Amino acid sequence: NEKSIAVLPFENLGKEGEDEYFADGMTEDILTELSKIKDLLVISRTTIMKYKNTNKSLTEIGKELEVANILEGSIRRVGNRVRITGQLINATNDQHLWAEKYDRDISDIFEVQDEVASAIANALRIELSDEEAQMISSSQTKSVEAYDLYMKARALAYTYEISKYPEAINFYKEAIKIDSKYALPYAGIARVRMSQFYFQYMNTELAAMALAEAKEYAEKAVKLGPNEAETHFALGFYHNAITEYDKAFTSFKKAIFLNPSHAHA
């Protein structure tokens, strides 16, 4: 499929360890922005993360994933400045289709994500609909501090380690304190609570609390972010657990409509 892409994990050129979550977070969010383009097949985060620090060639990766295009890049964050480089490569012939370097203030991070998504669509000759352009340009929060906390929380949640869930929830809640209308941290809390519900169901008191809080935060997430696939997925995850399958199906279908490459949905 000529309109297919894998976004490889961005290389962290900043402080080793400290900024790793930021580089992974940018990879995830650029992937999410691209997923809003309905004519573009985007490989999921779960699949591409296994290529982090890989020595495989882009041609090999392209064959393994059966994609025509690969986006790779790097991130360096120093104080309030961030430098992001990205290049789009045709995986079949190693031809460079697009490359750009962004040296911006950290407060411009959302604009950079939008620009990358739009530039890639242009490079692949995909004409964005007005709806797609609007979805790409929309931002859930204007607070870089809240966004940074959200990325820290999400990185911990993605480890799927039970011991890290409380810290992830704390970061999500700190993000909400800064921006109470930021929908994605609410969805994040709902997902973590549902994971606790599934993994620690033998602890009936914890499981009951986790289920109740998942419902509360998932419903709030959808209310605040009705056009975010992740909020509808979080609500569907809850309904699925309590066997309300019709409602779960509706939520998952909505998530897929908003993000056709949302693998979990």
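Q: What makes R45 a charge over the ring of Y158?
A: A charge sits over a ring if NZ of Lys or CZ of Arg is within 6 Å of the ring centre and within 35 degrees of the ring normal. The charged end of R45 sits over the ring of Y158, 3.8 Å from the ring centre. R77 likewise lies over the face of F22, at 4.3 Å from the ring centre.

Q: What kind of model do these values come from?
A: The model is predicted: local features need pLDDT of at least 70, side-chain atom pairs count only at pLDDT 80 or more, and totals for chains, interfaces and linings use all residues. Residues are numbered from 1 along each chain as its sequence is written, and side-chain values use heavy atoms, with hydrogens and water left out.

Q: Why is the pair of F110 and Y147 called edge-to-face?
A: Rings of Phe, Tyr and Trp (its six-membered ring) pair if their centres lie within 6.5 Å; planes under 30 degrees apart count as stacked, over 60 as edge-to-face and the rest as tilted. The structure holds nine aromatic pairs. In the pair of F110 and Y147 the ring centres are 5.0 Å apart and the planes stand at 70°, so the pair is edge-to-face. The pair links distant parts of the chain, with F110 in helix 4 (residues 109-123) and Y147 in helix 6 (residues 144-157), 37 residues apart. Helices (H or I, at least four residues) and strands (E, at least two) are DSSP runs, numbered from the N terminus.

Q: Are F110 and Y147 buried or exposed?
A: Both F110 and Y147 are buried. Buried means under 20% relative accessible area, exposed over 50%, and partly exposed in between (1.4 Å probe, protein chains only).

Q: Which residues do ring pairs link into a cluster?
A: The cluster is made of F197, Y198, F233, F237 and F252.

Q: Why does S138 count as partly exposed?
A: S138 has 38% relative accessibility, so it counts as partly exposed. S138 lies in the loop between helix 5 and helix 6. Its C-alpha atom is 8.7 Å from that of D114, and the two residues are 24 apart along the chain.

Q: Why is A155 called partly exposed?
A: The relative accessible area of A155 is 30%, so A155 is partly exposed. A155 is found in helix 6.

Q: What makes strand 4 largely enclosed by the rest of the structure?
A: Seven of the ten residues of strand 4 are buried, so the strand is largely enclosed.

Q: How do you know that strand 4 pairs with strand 5?
A: Two strands pair if DSSP finds at least two bridges between them. Strand 4 and strand 5 have ten bridges, in the antiparallel sense.

Q: Which sense does the pairing of strand 1 with strand 4 (residues 69-78) take?
A: The two strands run parallel and are joined by three bridges. I5 stands opposite N69, and the partner of A6 is I70. Strand 1 also runs parallel to strand 3 (residues 41-42), joined by two bridges. Both faces of strand 1 (residues 4-7) are covered, with S4 and A6 buried on one side and I5 and V7 buried on the other.

Q: What makes a space a pocket, and how much space lies in the largest pocket?
A: On a 1 Å grid over the protein atoms alone, a cavity is a set of points where a 1.4 Å probe fits but cannot get out, and a pocket is an open set with protein on both sides within 12 Å along at least five of seven lines; lining residues have an atom within 4 Å of a point. The largest pocket holds about 880 Å³. Its lining has 46 residues, of which E28, T32, R154, Y158 and E230 lie nearest its centre.

Terms used:
Grid points are joined across faces, edges and corners, and a volume is the space filled by probe spheres set on the points.
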